[in-house]
Every structure is written in structure tokens, then in C-alpha cells.
Amino acid sequence: MLQPDIYDIVTKLRCRMLAFVPVVLASLVTAAAGASAAERLDSLQLLGREIAAGTSVKFPFIPDRSFEASYLNTPVFVARGLTPGPTLCLTAGVHGDELNGVEVARRAFAQTDPEELRGTLIALPAINAAGVRTGTRYMSDRRDLNRTFPGREGGSVGSLIAHSITTNVLIHCDALVDLHTASNQRTNLPQIRADISDPAIRELAIHFGLGIVVAGSGPDGSLRREAANAGIPAIIYEAGEPFRFQLDEIERGVQGVENVMAYLGMTEQVERKVPDSRIYERSRWIRAARGQGGFFFPTADLGDVVQSGDMLGTIVDPFTDASFEVIAPLAGEIIGMAVPQPVLSGYALFHIAWHASD
Ligand SMILES: [Zn+2]
């Protein structure tokens, strides 16, 4: 949980946003006619700066100049619209090696015109900036930043960063999209992860427009979960592999952010037709069986819908040439998988999702 005062603030913000969306959607036509002085948005005070309506800025997040604070030299992008509207926050690079999301945030911000925008877009495209530069998932103190939110004063470096971001930036967010990829040596089908038991989060997830939503509230200490706990509707876009830029996954992410901005009434853009979402309430990893390590060669692929008993790949023991089949123990869609590589017993090979009613 956040500190009580922060929790109160973001809870109020969220209430404001939930009330705001239908109002904004209903007033698109009048707003399009041009902003009167009364409708003009105030400037935003953020991290010691004043960002005027109708402008966009990029600056480093530097809470102070001390040695201890130098680790937080992460970029902050802000586009402040001319007319009132919600504040959407994009976060990426929480895991420094997950580059697709970093580029989604950069492109989505670059194409946002503050003079056309309603409300505010805040992007933290490389929260773990050192990790993005060096291709490292974790913080410089080897902590996982995505397990340290909301952070606390007096904590580890990761916890300090999380606390600083929570108290300085997240308090402004009415909705949040956190951008990720699969972890090392794995790849994910583009998907939204969201706590669909919360109606506002469910709507945000569906309106991203990918067509695949995997239910779950995320681990304790993750940015998305703790933001949601604080009352900010938050979802994750997961797509592709770490360490590389994958253009299809990046383009789909940018399109999803555009859809969310249209849904929130932040842009003139007509929201793309929202596809029927496959909402999966359950998922689990299929692992290499005990004693069946070796070289993994998948035959199934991301997006395949498999039945119980289907063969998904083989593992060959290079010492004995014994070959083991990887068999689906249940039916579902493959939403994540390991790439071909040497694997040991218990290694997670295929992530399968299915409907609770199946
Ligand atoms: Zn991640």
C-alpha cells in the first residue's frame, strides 16, 4: 500500500477519472470546436518544473544532485494538452532489457501533439535507465525494480526509486500502461495483463484493442499491482522478447496506446473498432519433465490453440540422443514460450492460457 496521504490523493484522482471519461466522450464535439479561455488547462507542476498547456518537454528525473540520487537519472517526457482531460502515464524499462516497450513509449509520445491533446501524457520510457543502457534487467544493486513498488524512504536503491516515482509522478496518473516483454530466452504473444475483476481496469484492457487479455493482478511490489491498489487503473502490455526491437510488437503497442488515448477522450482520433477480446482467466507454464533436460526444439508456436495431448516440441539429450516429447497436458492458447535453447528439468517451456469455463 501507499502511504495513506498518497493513497487518498490517487483515489480521488481515480474517482475523478471514472467520472471524467463519459463526460469527455460526450463533449468531444463541443471540445473540438475550440478551447475557450475557461476550458484551457492550467500548467502542470512536476518534479520542480512548470509545464505550460499546449507544450511538451523532455527532462531527466533528478530529485537532487547527490551521489545517492544520481542513479535516478531517468528520462521524463510530458505533453500537456491545451484543454482539460485525464492524465495517462506510460512506463517502460522497469526491466532494463525489455526494449520493445521503451520504443513504444518513445514513439507514442513523439506522435502526440500537445496542441491537439486533451489532458496530459506522461511517459517514463526507461525507468531503469542504467539497465536500458547496459541491457540489464535488474537495478544496479541487483534488485528487481518491479518488486519494490510503492517503495519507501530508507529502503534499497530500487525501493528509493519506486518511492520517488510513486510520490512525484504516479500521483498525477489517472490511468497507467506499463510496457514489458518476456524475460530472458522467452517470448510472449502480444497480450494485455490486467486485473479484470476491477471494471475500470477491464475496460482499459479491452480498449487497448489487442484482442487478448490475460487475467491477473500481478506480483506484490510490481508497479502495475501497486498502482492499481492505489486506485489507478493499470494494465501491462507484454510483447515479444527482451534485448531487441521487434517492429510488429512495437507498432501494435503504439496502436494500443493510441486506442487507450482515444477511449479516454484525450485525442480526436476515432478509436479503432475494438475486437472481441479473448479474456483468459487462467494460465500456467508447461515445464520440462524431471530427468528430461537437453536441447529444446519447439514445434508449436505463439498463438497456437492446442488440445490436451498435442505435441508441442521435443527435447533431445545430446549425450544419449534420447528424445523426449513435450505434450500439452491441457487445452488452451500458447501466449508465451521459451526459444530453442538448452534446458534443464523444470524449465518453463510453454505458457498456456484458457477460459475458466473450458
Ligand atoms: Zn518485465
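Buried here means 20 or more other C-beta atoms within 10 Å of the residue's own, exposed means 12 or fewer, and partly exposed is in between, with C-beta atoms placed from the backbone.

A word on what you're looking at: this is a predicted model, where local features need pLDDT of at least 70, side-chain atom pairs count only at pLDDT 80 or more, and totals for chains, interfaces and linings use all residues. Numbering runs from 1 along each chain as its sequence is written.

Stay on α8 and check its length. Just past the helix, click Gly-265, which has a positive phi of about 80°.

Next, hop to α6, residues 199-208, where Ile-201, Leu-204, Ala-205, Ile-206, His-207 and Phe-208 are buried. These pack against β7 (175-180), β8 (186-194), β9 (212-215), α7 (223-229), β10 (234-240) and α8 (247-263).

Now pick Phe-109, in helix α3 (residues 99-110). Phe-109 counts as buried because 21 other C-beta atoms lie within 10 Å. Setting aside neighbours within four places in sequence, Phe-109 is in contact (C-beta atoms, placed from the backbone, within 7 Å) with Phe-77, Ala-79, Leu-121 and Ala-123. Draw a C-alpha distance from Phe-109 to Leu-90, 19 residues apart along the chain, and you get 9.0 Å.

For a loop stop, go to Asp-174, between α5 (157-168) and β7. Asp-174 is buried because it has 25 C-beta neighbours inside 10 Å. Its C-alpha is 9.9 Å from that of Leu-264, 90 residues apart along the chain.

Finally, color by pLDDT, the predictor's confidence in each residue from 0 to 100. The chain's mean is 88, and 86% of its residues reach 70 or more. Residues 1-20 stay under 50, with 29 contacts beyond four places in sequence. Residues 22-35 also stay under 50, with 11 such contacts.

Conventions: Helices (H or I, at least four residues) and strands (E, at least two) are DSSP runs, numbered from the N terminus. Two residues are in contact if their C-beta atoms, placed from the backbone, lie within 7 Å.
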